[in-house]
Amino acid sequence: MRRYFFDSGDAEHLVEDDMGVECEGIAAARQAAVDGLIDLAREALGGSEQQQLLVDIRDESGRKILRLSLILKIQKLELSASR
């Protein structure tokens, strides 16, 4: 198994993962990053009108191999007069 590192945060600041997780391959690392991004979204998404959350996956050599991102954008829609 190979060790992958998951740096996470928002568009302004990423927290570097210095421990990593052993995964069977890139598909397993990708799924771990999806799960981590979902957890991050539960904690971080809040009152702002727009926010972007990121998870970068690095391999054992430190090379970035994937970036997952989630964007929340809140827009007020005009209601029609007939409603």
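## Arg58: tucked in or out in the open?

Does Arg58 count as buried or exposed? In this predicted model, Arg58 has a relative accessibility of 12%, so it counts as buried, given that the cut-off for buried is under 20%. You'll find Arg58 in strand S4, which covers residues 50-58.

## What Arg58 holds on to

Take the polar partners to begin with. The side chain of Arg58 makes a polar contact of 2.7 Å with the side chain of Asp7. The Arg58 side chain also reaches a backbone atom, the oxygen of Asp17, at 2.8 Å.

Asp7 and Asp17 turn up again in the list of residues that Arg58 touches. Leaving aside residues up to four places away in sequence, that list also has Arg3, Tyr4, Phe5, Glu16, Arg63 and Lys64.

Now for the helix. H1 runs over residues 26-44, 19 residues in total, and spans 26 Å from its first C-alpha to its last. That's close to the 27 Å expected at 1.5 Å a residue.

Which residues of H1 are buried? They are Ala29, Ala33, Leu37, Leu40 and Ala41. Looking down the axis of H1, these buried residues fall within an arc of 115°, so they line one face of the helix. The general rule behind such patterns is that an α-helix has 3.6 residues a turn, so residues three or four places apart point the same way. On the face of H1 turned away from the buried side sit the exposed residues Ala27 and Arg42.

## Where the helix meets the strands

What do the buried residues of H1 pack against? Their partners are strands S1 (2-10), S3 (21-23), S4 and S5 (64-73). S4 is also the strand that holds Arg58.

Technical notes. Residues numbered from 1 in each chain as written. Predicted model: local features only at pLDDT ≥ 70, side-chain atom pairs only at ≥ 80, totals over all residues. Heavy atoms only, no water. Helix = DSSP H or I, 4+ residues; strand = E, 2+ residues; numbered from the N terminus. Buried < 20%, exposed > 50% of the residue type's maximum accessible area, 1.4 Å probe, protein only. Polar contact = N/O pair within 3.5 Å; in protein donor to acceptor, adjacent residues only side chain to side chain. Contact = heavy atoms within 4.5 Å. Expected span 1.5 Å × (residues − 1). Arc of directions from axis to C-beta.
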